[in-house]
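Dear colleague,

I am handing over the structure below, together with notes on what was found in it. Please read the notes with the coordinates open beside you.

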Amino acid sequence: MDTDSFRRAMGGFPSGVTIATTTDPAGQPCGITVSAFCSVSLSPPLVLFCPAVSARSHDVLRDAERYAINVLRPEHRTLAMRFATAGTDKFARAGFRAVGGVPVLPSALVSVVCRASDRYDAGDHSILVGEVESVHVNDGQPLVYFDREFRELSPAPLLAPPGRVDRYRDLPLFDTDGTDESNAA
């Protein structure tokens, strides 16, 4: 399997867009746009995110004892691009506020402040697990990353509208002809 095929395959899975933030040892804010973020556990409350090892802020985030994950809204698209670009003044006029010693974006859809729990090396990324200390939730919709582009959600019916057929409703759960052409384990 080649890298482009894998990238295209993973681009078919929509994800939210976040900015992970912390402060460096000198107290300067540091952050990066991250789409690899998820909850891990309810008890204790744990989340993880995966920064690229090649990111300038990787080592600061990996070594941080505390950090925040800010889930972005569609109006944060430009901010997401700024935090994904090296060498820019990421925090200039962005509206971040210090909460528990880390930069938090009050206008974010969700902000979670975490204490570092576990760190793992994983290829060209790290997996950073944090125990959630506080959350702030606003109303609204998330910014979504899909097929290498930022997207917005739009309301769509879960069932086929009247007069239309749900093409999957009457299909068998499994093909019973005995062949298996999948690569699934």
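Ser 54 counts as exposed because its relative accessibility is 72%, where exposed means over 50% relative accessible area, buried under 20%, and partly exposed in between, with a 1.4 Å probe and protein chains only. Please keep in mind that this is a predicted model, in which local features need pLDDT of at least 70 and side-chain atom pairs count only at pLDDT 80 or more, while totals for chains, interfaces and linings use all residues. Residues are numbered from 1 along each chain as its sequence is written, and side-chain values use heavy atoms, with hydrogens and water left out.

Ser 54 lies in the loop between strand 5 (46-49) and helix 2 (58-63), helices (H or I, at least four residues) and strands (E, at least two) being DSSP runs numbered from the N terminus. Its C-alpha atom is separated by 8.0 Å from that of His 125, although the two residues are 71 residues apart along the chain.

Seven strands, in the order 3-2-6-9-10-5-4, form an open sheet with antiparallel pairing, two strands being paired if DSSP finds at least two bridges between them. Strand 3 (29-34) and strand 4 (37-41) stand at the edges, each with a single partner strand, so one side of each is left without a neighbour in the sheet. From one strand to the next the twist averages 35°, with axes taken as lines fitted to C-alpha atoms, for helices over the stretch in contact, and angles running from 0 to 180 degrees between N-to-C directions.

Strand 3 pairs with strand 2 (residues 18-23) in the antiparallel sense over 6 bridges, and Val 34 in strand 3 is the bridge partner of Thr 18. Thr 33 is also found in strand 3 and counts as buried, at 19% relative accessibility. The side chain of Thr 33 reaches the backbone oxygen of Ala 80 at 2.6 Å and the backbone nitrogen of Ala 84 at 3.3 Å.

In their hairpin, which has 2 residues between the strands, Asp 147 takes a positive phi near 55°.

Terms used
A polar contact is a pair of N or O atoms within 3.5 Å; within protein, one must be able to donate a hydrogen and the other to accept it, and residues adjacent in sequence count only if both atoms are side-chain atoms.
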